[in-house]
Amino acid sequence: DMKTDLNLLLECLKYQMDCPVSQKEALITIYSICQQNSEASEYFREIGGLMFINDLAKSSVHCIVKEAALFTLGVIIESNVYCQQTLCTSALFEDLIVFLINKDSGVNLKRMSVYVILVLVSNNSNGQTYVRDTGCIGLLLQLFRTTLSASKMNLSDESSNQCYQLWSSVCSTLCACVNNPQNEDNQNICCSVFPCAKEWLESCTEPEIVRPICSFLGLTIANNSYVQKYFVSVGGLDTLAKVLIKLTHDSCVSHSSTKLAVVVTKTLDACIANDSAMGVVLTKYHTVSELLKLLANDALDTGEKVSIILTIGHCTEVCEENQCELLQNNGLPLMIQVLTESQDEELNKAATFVLQNCKQMTEQLSLKINGNSLNVNNAEELDVQVRKRSLQDYWKKAKEILHRINVIEKEHEEERVQGRVFVDGSSEDNIEASKYPEVKPADPNTYIERTYKEVPCPQLTSKLDDQVLPPSVNSSPLKNEIVNAMDPVNASTRQSEQRNTSCSVNELQMDSVLQSHSINKKTAHAQNQSVLQVGITSIFLVGLFFLPNLDQYSFYSKITNEEKNTSSTSPSHKIPDLRCIGCTAGGLFFNSRTFTKMLQGCPYQCDRHKVILEAEERYKKELHKSAVCNNSKYATYE
C-alpha cells in the first residue's frame, strides 16, 4: 500500500540520522513513489513529510543527503500544486541562495538548488515575484555569465559536462522566471545578459549552446517592446540572422542543423512580431530568401512550417525590401502551393497572412509603375486607384483582341474576293471550251503549270514551330473553287454546306498542330514535308478529275459527241450504257468520298479513273502511316 510505504519511509528518515547512505536510499524511494503522482505527494505533505525533508536539506551536514533531499523536494513540488504553494516562501528562496553562493557547495548541489527554484516559479506568479524580490534572479544571471566557458567547453569531460548541466538548468529557470505567466519586470532584468548571449552565439553554433540561449532570448523578448529594442541595439538581431544563414547552409547535409535553424527562426520572429519595422535590419542578410530555402526542406513538420511562414509574414509586413525579395525568390507561388495542398488550419492562416502582404505590395508597385505616388493616406483611395488601373488594363486587352479580329476578317474577305475572281475566270474558260470542244492547247503541261501558279495551294502553318502541314482535301479552297466553276448553279448551296463542316475540320487541324509541336522539331519537319508532297499529288489528281478541260479535251469531246448521238436516237433503240460512270457523271455533285465509292462500284472503269483510284489509295496509306508515326512519337515524348 502506497500510504503505508510512505509512512515507513518517513520513519526511516527520522531514525537514520547518523546513516547518510540509508537516508539517501529512503529519499530516492520516496521520490520514486511521488514522481508524477499527485495523490501520493499530497498524502506525504499531510503526514508532515514535505516539511521534514525541507528541514533535512538545510540541517544535514552530509552533501549527498542535501542533494537527495533537494531533488526529492523538487519532484514533490512538481507533482502537486498544493505542495508548491506550501513551500513557495521567501525563506526557502533565501535558503537556496545560500546553497548557490556557498564556496563549499559542489556543482551538483547547486544544480539541485536551481532545480527547486525552477519548479517553484513554473506557472506561478508568486514564485516569479519571490525570485525577483529576494535577489535570486540576479544570482541566476551571474551563473549564466560565469558557469560555462565557450573556449573550454568539452562535453565529453565529466567536470565540463557537470558545469554544462548546471548552465542549462539556469537557462531553463530563467525562462520560467519571465514566462507563463509573462513577467515584464523579470524580462527587463534578464535583458542585462543579452551582450553575453550574443557573444555565445557568435562564438559557438553547437546545438547544446544555441538551443538554451534561443529559448531564453525568445521568451525574454516576447511581447516586450522595450526589451526588443534593446536586443536590436546591442546587435542581437544581426547575430541571429548570421547564425540562421550558417545553419540554413548546413541544413542541406545535416538534419540537426535544420531543426536548429527552426529554433533560431522562432527567436527571430519573437524579436520582430510586435514591431515589424525592425525587419528592415534583416534585409542586408537576405533573411527572407534564407527562410524560403529552409521552408523547402522536406524534413520539416507542420508546426515548424507554421513558424517559418509566420516569420516571413512579419518580415514582409511593412518592409518593402523584404517584400520584393519574397517575390524575386518565388515566394508567392510557394505560399499558394502551401495554401492549396495543406489541410492544416494554422498553416493555411499563416500562408494567407503572407499572401495578404504580397497583395498589398503588388498594389503599391502597380501604382508606382504607372507613375502614381505611394503616399496615399486613405486606404479607400488606394483601392479606387487600383480598380481604375485594372479597368484600363482590361480595356487595353479588349482593344487588342478587337483589332486582331478585324485583321482576321479582312484577310478572310480578301480570300473570298480572290476566290470569286478565280471562279469567274474558270467559268469563262469553260464557256470557251464548250464552244470549241475539239481544240487542244499547244502544250497541256504548260497549261497545267500555269493554272497551278494562279491557284494558291492552301497550307496550315503552325505558329509554334513554323512547320507546314498537309492541306485537307475535303476542305481545300482549290477544290471548292473548281467545283463551283463546273457547276455554278449549285455553287452557293455547296459553299453553305462546306461552311457547316469547316469548324470540325479546323479542330482536327489544330489537334495536328499541337501534336506536331510536342515532337522533335527536326523529325516532325521531315515527316510533314513527305506528307505535304503526297497531299499536293492528291490535289493534283483531284484537279485532273474536277477539271476535265485541262489536259484531255479530245477525250471529252469524244464523250460529248457520243452523248449527242445517243440522245438523238429513239428510246426504243437505246443501247445499254457500258461506259465508266466517272465519265458519264455529268453535272452531278460529288465530293471526294462519295465519288470514290461510286467509282469503286463501277464495273466499267476507264484507265484514267483506275489510275485516280490507285493514287488515292496510296495517298491514304501514306497519310495513315504519318498519323500513326506522329501519335507514337507524341506518346513517347509525353
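Glutamate 290 is buried in this predicted model, with a relative accessible area of 6%. Its salt-bridge partner is lysine 293, and the closest N and O atoms of the two are 3.8 Å apart. Lysine 293 is partly exposed, at 49% relative accessibility. Both residues belong to helix α18, which covers residues 287-295, and their spacing of 3 residues is about one turn of the helix.

Helix α3 holds another such pair. There the side chains of glutamate 42 and arginine 45 form a salt bridge, with an N to O distance of 2.5 Å. These two residues are 3 apart in α3, so about one helical turn separates them. Glutamate 42 has 16% relative accessibility and counts as buried because the cut-off for that class is under 20%. Arginine 45, at 28%, counts as partly exposed.

Helix α3 (residues 38-46) also packs against helix α2 (residues 20-34), at an angle of about 130° and with the axes 7 Å apart. The two helices are therefore oblique to each other. On the α2 side the contact involves Ile30, Ile33 and Cys34, which meet Ala40, Ser41 and Phe44 of α3. By type, the residues of this contact comprise 5 nonpolar, 1 polar and no charged.

The model has 8 salt bridges in total.

Definitions and conventions. Residues are numbered from 1 along each chain as its sequence is written. This is a predicted model: local features need pLDDT of at least 70, side-chain atom pairs count only at pLDDT 80 or more; totals for chains, interfaces and linings use all residues. Side-chain values use heavy atoms; hydrogens and water are left out. Axes are lines fitted to C-alpha atoms, for helices over the stretch in contact, and angles run from 0 to 180 degrees between N-to-C directions. Helices (H or I, at least four residues) and strands (E, at least two) are DSSP runs, numbered from the N terminus. Angles under 35 degrees count as roughly parallel, over 145 as roughly antiparallel, 65 to 115 as roughly perpendicular and the rest as oblique. Contact means heavy atoms within 4.5 Å. Ala, Val, Leu, Ile, Met, Phe, Trp, Tyr, Cys and Pro count as nonpolar, Asp, Glu, Lys and Arg as charged, and the others, Gly among them, as polar. A salt bridge is a side-chain nitrogen of Lys or Arg within 4 Å of a carboxyl oxygen of Asp or Glu. Buried means under 20% relative accessible area, exposed over 50%, partly exposed in between (1.4 Å probe, protein chains only).
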